[in-house]
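Some local details of the backbone follow at the end.

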Amino acid sequence: MNERQIQKFVQRYLDATGCHIVEKSPAHFHVKLSPKADRDLTNRPYYWSFVDRTGAEPETMSLLLVTDKQKYDNQTAAAAANAQQKDSSAGGGAAGAAAAGSGASGTANAAEAALGRSFGYIHGTLNTNIRVPREDLYFGSRRLNQLFESSRQGGSYLCLFQEPDKRSNHPLDSTAYSAWLGVNMKVEFACDMKREEFHSFGVSLATGQCIEQFHDRLLQYRMTPKLPPNVHTAKNAFTLTKAAAIAEQTLERKLRTYDYSWAAAASKRLNEELETINHYYQPLLESAEEENKPQIAEQFERRQEEIKWQYEPRVTASAINCGIFYLQGIG
Amino acid sequence: MQPTNDPVKEAPAVKRKLHPSVDLQFDRTWLHNLQDRVDRNGPWDDWTMYQLAVEAEQSKLIGSFDDLQCLRSLPSFEPMTHQISTARKVLHEMSGRAILADEVGLGKTIEAGLVLKEYMVRGLVRKALILVPASLVLQWVRELNGKFGISAVAQKKEHSWANDVVVASMDTAKRDPHRDRLLAQDYDMLIIDEAHKLKNKKTTNYQFVNQLRKKYCLLLTATPVQNDLDELYNLITLLKPGQLGGQNEFAANFVVDKRMPKNEEQLHEALSSVMIRNRRSDGDIHFTKRIVKNIPLNLSTEEQALYDAVTKFVRERAGESDGDWSSLLSLVTLQREVCSSRDAVFVTLVNMFKKTAEDSPLRAKIWELVEVIRSITSNTKAEKAMELVREMNDKVIIFTEYRATQEYLLNYFRANNMVAVPYRGGMNRGKKDWMMDLFRGRAQVLIATEAGGEGINLQFCSNMINFDLPWNPMRVEQRIGRVHRLGQTSDVRIYNLCTIGTIEEHIVSLLHEKINLFELVIGELDHILERFEKNESLEQRLARLMLETGGNGDLLRKQIDDLGNSLSRIRDEVEFEEDEMSAINSIMNAVGQTIEVRP
């Protein structure tokens with residue numbers, strides 16, 4: 001994700017969670033969090049359990065979310081310079097006054113920088129003189145990962161209806177809808193290394209038809225949580241479990257066509273490593289004093305487990321999120 | 001032992017053979033939860049959040065086995081090329097078990113951080129334990145958080161262990177009750193800094209690390225071999241047992257003598273699959289010269305009177321006491337303090353006075369000394385220091401052992417219109433950095449009581465005054481190391497202020513002439529002291545000599561000379577062995593590359 005994509009992501013997250021945006025630019029948001037977002041982002045479980053128990057009016061936090069650090073810093077520096085210029089020209093003083101001004105702010109900056117350094121590695125918060133904690137959201141930053149995690153928590157299970165293309169003219173007309181199981185999966189190919197793939201499946205509960213890239217298809221529709229008028233749903237011929245099995249089979253068929261030389265290589269490494277430690281521990285065991293044997297045997301076993309843990313190739317498929325989607329037509 | 005990414009144990013999962021060497025496992029938790037919500041008709045989540053979740057996952061997706069994903073999430077710094085290539089090698093060729101043996105200053109911490117971060121980004125490491133010497137714990141925490149955005153915490157309380165990434169000192173970790181807790185845990189990754197402390201199989205450190213359950217493991221050390229090849233064998237066996245065969249096999253295949261390897265080529269090959277050693281290119285280890293100057297000073301009459309009075313006091317107390325070492329040591333400290341400043345003695349005397357019983361006759365004697373202090377109006381050393389500072393007209397750092405002396409000097413310099421800033425161990429991080437900034441900027445003088453710890457890198461300053469000298473040579477070396485380091489462009493001038501006819505005179509001659517401390521290669525002192533200080537540190541030995549010889553100046557001189565001679569003998573031995581080590585070193589140096597470092 002680049003700065004622009006992050007900016008867009010944050011904007012949509014803040015909207016979806018009902019946060020109040022106090023001020024924004026293409027490089028930042030100054031935002032007062034909604035209770036939902038505050039719960040997910042500020043890590044204040046004690047405070048929220050207090051609110052929940054006492055029914056007190058919650059006071060949510062405000063954050064300064066910087067999505068483009070460089071741009072934001074330039075903006076603020078330019079603004080500060082402007083303000084200063086105004087100051088000195090307003091004061092009517094000559095160059096001397098300006099120099100004195102910059103000297104004073106120089107020390108202030110140094111003091112701030114010192115403070116920032118001492119706290120920076122905890123939060124980067126006290127660095128700014130406004131009281132709103134500043135968070136730099138770059139890809140991989142903790143705060144952005146929290147946003148990711150929060151959207152995953154708040155967007156796991158759905159039940160949605162496609163909005164009809166056009167209002168039907170006749171009040172007694174009824175459009176047929178059928179239910180789909182949609183599931184977005186992450187497939188992990190792991191040994192001592194790892195890669196991942198994203199797969200999205202939709203399985204019609206009416207016909208059992210399975211289509212790939214289902215998520216992309218959903219994005220083309222307008223979806224609503226409410227059942228639209230003049231719509232009837234087809235009878236489900238497949239249970240969720242059956243539909244899930246169909247999705248899994250589709251995935252499995254696909255995965256079977258892949259190249260597994262990486263797994264074979266990992267197995268080979270695994271066996272070599274096992275052989276190496278075998279070569280080391282076997283003679284050790286044989287020559288050891290009787291009383292020391294159990295200890296060595298235990299060590300041996302532990303190393304074997306460690307090596308399997310480290311190298312054993314495995315492929316796992318798990319869901320990112322899923323839902324029931326009612327789409328027009330009989331799929 | 002569960003791989004990190006396995007679903008929760010209770011979660012329903014299906015396993016099927018996908019290929020002869022790999023199973024496919026489906027996690028079905030989601031289906032159960034979905035069914036549950038269907039049955040209860042909700043609650044249902046938000047459509048936008050659902051889309052955001054997919055976008056987030058897609059952006060985090062690890063597309064290939066062998067690129068470095070972590071590089072795109074390190075906004076605040078750029079690793080050097082050799083650090084990146086080292087990380088790659090550890091990840092892709094060594095499967096995450098390696099000895100990082102770069103020479104000092106090439107960034108082993110950064111390399112380890114890159115490897116750790118990469119595994120974390122890929123979801124292969126969640127739990128990580130980092131064991132380092134106590135003095136480096138906070139530095140590691142800072143680096144991991146600041147440079148890598150890894151939420152590492154320093155182990156402080158028992159519950160700290162519950163965090164995902166914990167930095168702790170080896171000494172804490174191996175002790176009860178921590179030990180059992182750590183041994184019961186599976187660590188996805190273990191990192192050990194200063195791993196040469198694991199070279200001996202019989203130590204508790206070694207056995208403890210051997211028992212820890214770990215998947216990936218990095219051992220960091222700049223000196224994988226200090227004395228003989230067995231150390232190397234032990235270190236590698238800890239990491240990967242059998243890599244060099246059994247102990248006997250190793251001895252038969254690779255060892256002629258404890259410092260003389262054979263079958264270099266095979267040994268090199270075996271080493272290069274577990275060890276990476278980057279070295280500075282020789283042309284670049286360009287240290288500037290050290291110019292050491294002792295400044296002998298005669299104490300003023302009043303100061304000499306105080307010194308004599310304190311010496312007499314110490315001798316009497318030593319005679320009376322029945323060998324209570326701790327109180328005797330503080331007596332010796334008194335004598336050292338007189339050589340520094342009256343303020344330093346005063347503080348110690350006041351404390352001593354407070355600790356003495358009210359009816360003790362000692363109180364009167366202590367008070368007499370305080371009276372002698374009163375008559376002192378100037379400080380010979382401070383005047384000389386001032387003169388030196390004015391003469392050099394350049395940045396200078398003054399080291400003293402005593403807080404009180406530091407305070408005195410600050411006042412003295414201020415009174416003489418010389419800008420000086422303090423630096424001491426007790427300051428918090430922010431204040432330390434601030435003081436450094438001030439020194440770099442407008443202050444000509446930095447007065448420091450502490451030389452240890454990172455963060456005081458003073459390459460921009462090339463003058464140093466030892467206002468007084470620590471008795472622990474390592475601390476002297478640390479002081480020098482702050483100034484005389486990579487990036488220093490000028491020759492370094494070191495001035496030792498030394499009062500004639502006092503204990504200080506002996507110490508300066510011992511450190512300067514016998515150990516040749518001021519001209520030793522970095523790291524050498526470590527070896528010398530390790531051999532010398534079998535039972536007792538040099539510092540303690542000196543204190544004991546002082547007390548035992550009583551007031552007999554000649555006897556003391558002779559004893560210290562003996563001490564000095566045995567130290568210089570050890571120095572010769574160590575230097576000789578360094579030459580002998582060249583065969584081992586050349587093998588180790590072949591493991592890795594030479595790095596041009598531009599300071």
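Over all chains, the count comes to 53 salt bridges, a salt bridge being a side-chain nitrogen of Lys or Arg within 4 Å of a carboxyl oxygen of Asp or Glu. Side chains of opposite charge can pair when their charged atoms come close. This is a predicted model, in which local features need pLDDT of at least 70 and side-chain atom pairs count only at pLDDT 80 or more, while totals for chains, interfaces and linings use all residues. Residues are numbered from 1 along each chain as its sequence is written, chains are lettered from A and ligands numbered from 1 in the order in which they are written, and side-chain values use heavy atoms, with hydrogens and water left out.

**Salt bridges**

The table gives examples of these pairs.

| Lys | Partner | Closest N to O distance |
|---|---|---|
| Lys186(A) | Glu196(A) | 3.9 Å |
| Lys17(B) | Asp23(B) | 3.4 Å |
| Lys240(B) | Glu273(A) | 3.1 Å |

In the salt bridge of Glu196(A) with Lys186(A), the partners come from distant parts of the chain: Glu196(A) is in strand β7 (residues 194-204) and Lys186(A) in strand β6 (residues 175-190) of chain A, 10 residues apart. Helices (H or I, at least four residues) and strands (E, at least two) are DSSP runs, numbered from the N terminus. Both Glu196(A) and Lys186(A) are buried. Buried means under 20% relative accessible area, exposed over 50%, and partly exposed in between (1.4 Å probe, protein chains only). These two residues also belong to a network of salt bridges with Arg152(A), Glu188(A), Lys194(A) and Glu57(B).

In chain B, Asp23(B) counts as partly exposed because its relative accessibility is 26%. Lys174(B) is partly exposed at 23%, and Asp171(B) is partly exposed at 45%.

**The contact between the chains**

How many residues does each chain bring to the contact? Chain B gives 89 residues and chain A gives 90 residues, where contact means heavy atoms within 4.5 Å. The area buried between them is about 8200 Å², and carbon and sulfur atoms give 63% of that area. Buried area is the accessible area (1.4 Å probe) that two parts lose on being put together, summed over both. Trp30(B), Tyr50(B) and Phe65(B) supply 11% of the area that chain B buries against chain A, more than any other three residues.

Eight salt bridges cross this interface. Helix α2 (residues 47-60) of chain B provides 14 residues, the largest share of the side of chain B that touches chain A.

**Local details in chain B**

Asn234(B) lies in helix α9 (residues 229-239). Asn234(B) counts as buried because its relative accessibility is 7%. Leaving aside neighbours within four places in sequence, Asn234(B) is in contact with residues including Lys199(B), Tyr206(B) and Gln247(B).

A cis peptide bond, with omega about -5 degrees, joins Gly42(B) to Pro43(B). Pro43(B) sits in the loop between α1 (29-40) and α2 of chain B. Asn41(B) is also placed in the loop between α1 and α2. Phi of Asn41(B) is near 55 degrees, a positive value in a residue other than glycine. Asn41(B) is exposed, with a relative accessible area of 64%.

Another cis peptide bond runs from Asp176(B) to Pro177(B), with omega near 0 degrees. Pro177(B) is in the loop between α6 (170-173) and α7 (178-183) of chain B.
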